[in-house]
Amino acid sequence: MSVDLTTGYLGLELANPLVASASPLTGSLGSLRRLQDAGVGAVVLPSLFEEQVEHDQFQIHQVLDYGAGSFAEAAAGYLPEAGDYNLGTDGYVRELEDARKELDLPIIASLNGTSRGGWVRYATRLESAGADALELNIYLIVTDPGQDCATVEQRYLELVEAVVGAVDIPVSVKISPFFSSLPHMARRFEEAGASGLVLFNRFYQPDIDLDDLTLVPNLVLSTPDELRLPLRWIGILREGFGGSLAATSGVHSAADVIKAILVGADVAMMASALLEDGPALIPRILEGMTQWLEERDYESTDQMRGSMALSRASDPEHFVRANYVRMLSTFTVPLR
Ligand SMILES: Cc1cc2nc3c(=O)[nH]c(=O)nc-3n(C[C@H](O)[C@H](O)[C@H](O)COP(=O)(O)O)c2cc1C
């Protein structure tokens, strides 16, 4: 490949901007090796969940039951067994140590929880076990109308500060899009010491079973349309945010990775598409990217990064409200 795909992310040097994000596919040494052999730039391990450390195996088993039952590739054996995915802290640390010994690419460990004590303790263990960076997944659904956003945001920041203060490796924060002022919050995450943001956490929405009248935890894999949300926000945040930005949700193809980089993402993360197509998708995407860059005489991904961010795009109104009015007023549907 003649185009330089090397990418800096969280201060780490990656061979290319494709990252396998946390999923069952990054949950066993065998599938991690397959991802490395396929050429991925870095991997994010499945989260060590606070609940997992304590007692709750429920949600993770649900997730895996879905994955294992839904794809032909699961039969090909690249998904770990459900039992392997929920290893508890010691098992997680052992897997990380083994992965560190065996793999040459950057390994990002992931923590998912809400309590300050737990996160800090596990963060230092994951650092000692060889993680190159940590991704903090703040998966918090507020249901109490008495909790205002300032209180919730402060809690996020305290968690980030506590973890950043406890480890020497870079820390990124995987966030949801549900902030009243995302640019302000991004700045505060940066001030709290986050080296990067991962946009966006995909919340799994419960469905309703109309026969049993029960809520059903319904995990649906993403579609490429979902990339538009991270695209917009990475484009908006790029200029003001000094750290790394990772796109996650809806990255399925070379075109999706290129779009993410054009708006300013440092890396593009993939879970659903890799679960559907397996690691063989990675070389296809890298080839597609290289071809696109070569055809346009780019020498590197760095050269195009951010050229279509809000601050540099020739038509920035599409990122913001002005475009909304025009789009609604010009939308037409054929009469039936
Ligand atoms: C089966 C499955 C398991 C996942 N497990 C985790 C996890 O442990 N921690 C985490 O932060 N994200 C987890 N995710 C979210 C993905 O890392 C990713 O952010 C999300 O699926 C959106 O990306 P995608 O459109 O490429 O799937 C999981 C996703 C799937 C589909």
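**View 1. Helix α11 passes helix α13 in a right-handed crossing.** A crossing counts as right-handed if the near helix is turned clockwise from the far one by less than a right angle, and as left-handed if anticlockwise. The model is predicted: local features need pLDDT of at least 70, side-chain atom pairs count only at pLDDT 80 or more, and totals for chains, interfaces and linings use all residues. Numbering starts from 1 along each chain as its sequence is written. Helices (H or I, at least four residues) and strands (E, at least two) are DSSP runs, numbered from the N terminus. Helix α11 spans residues 254-263 and helix α13 residues 281-295. Their axes come within 8 Å and cross at roughly 55 degrees. Axes are lines fitted to C-alpha atoms, for helices over the stretch in contact; angles run from 0 to 180 degrees between N-to-C directions. The two helices are therefore oblique to each other. Angles under 35 degrees count as roughly parallel, over 145 as roughly antiparallel, 65 to 115 as roughly perpendicular and the rest as oblique. A254, V257 and I258 of α11 make the contact with I285, G288, M289 and W292 of α13. Residues are in contact if their C-beta atoms, placed from the backbone, lie within 7 Å. The contact holds six nonpolar residues, one polar and no charged. Ala, Val, Leu, Ile, Met, Phe, Trp, Tyr, Cys and Pro count as nonpolar; Asp, Glu, Lys and Arg as charged; the others, Gly among them, as polar.

**View 2. Helix α10 packs on α11 at an angle of about 25 degrees.** Helix α10 covers residues 228-237, and the two axes are 8 Å apart. That angle makes α10 roughly parallel to α11. From α10, L231, I234 and G235 meet K259, A260 and V263 of α11. Four of the contact residues are nonpolar, one is polar and one is charged.

**View 3. Helices α9 and α10 form a right-handed crossing.** Helix α9 (residues 182-191) packs with α10 at about 65 degrees, the axes 10 Å apart. L182, P183 and A186 of α9 meet W233, I236 and L237 of α10. This contact has six nonpolar residues, with no polar and no charged ones.

**View 4. Eight strands close into a barrel with parallel pairing.** The order is β3-β4-β5-β6-β7-β8-β11-β12. The twist averages 25 degrees from one strand to the next. Strands pair if DSSP finds at least two bridges between them. Two bridges join β3 (residues 18-20) to β4 (residues 42-49). A20 has V43 of β4 as its bridge partner. Helix α7 (residues 116-128) packs on the sheet and touches β4, β5 (107-112) and β6 (133-137). The direction of α7 makes about 165 degrees with that of β5.

**View 5. A cis peptide bond joins L199 and F200.** Omega is about 0 degrees. F200 sits in the loop between β8 (196-199) and β9 (206-209). Most residues other than glycine have a negative phi, and most peptide bonds are trans.

**View 6. L213 has a positive phi of about 50 degrees.** L213 is not a glycine. L213 lies in the loop between β9 and β10 (214-217).

Conventions:
Contact = placed C-beta atoms within 7 Å.
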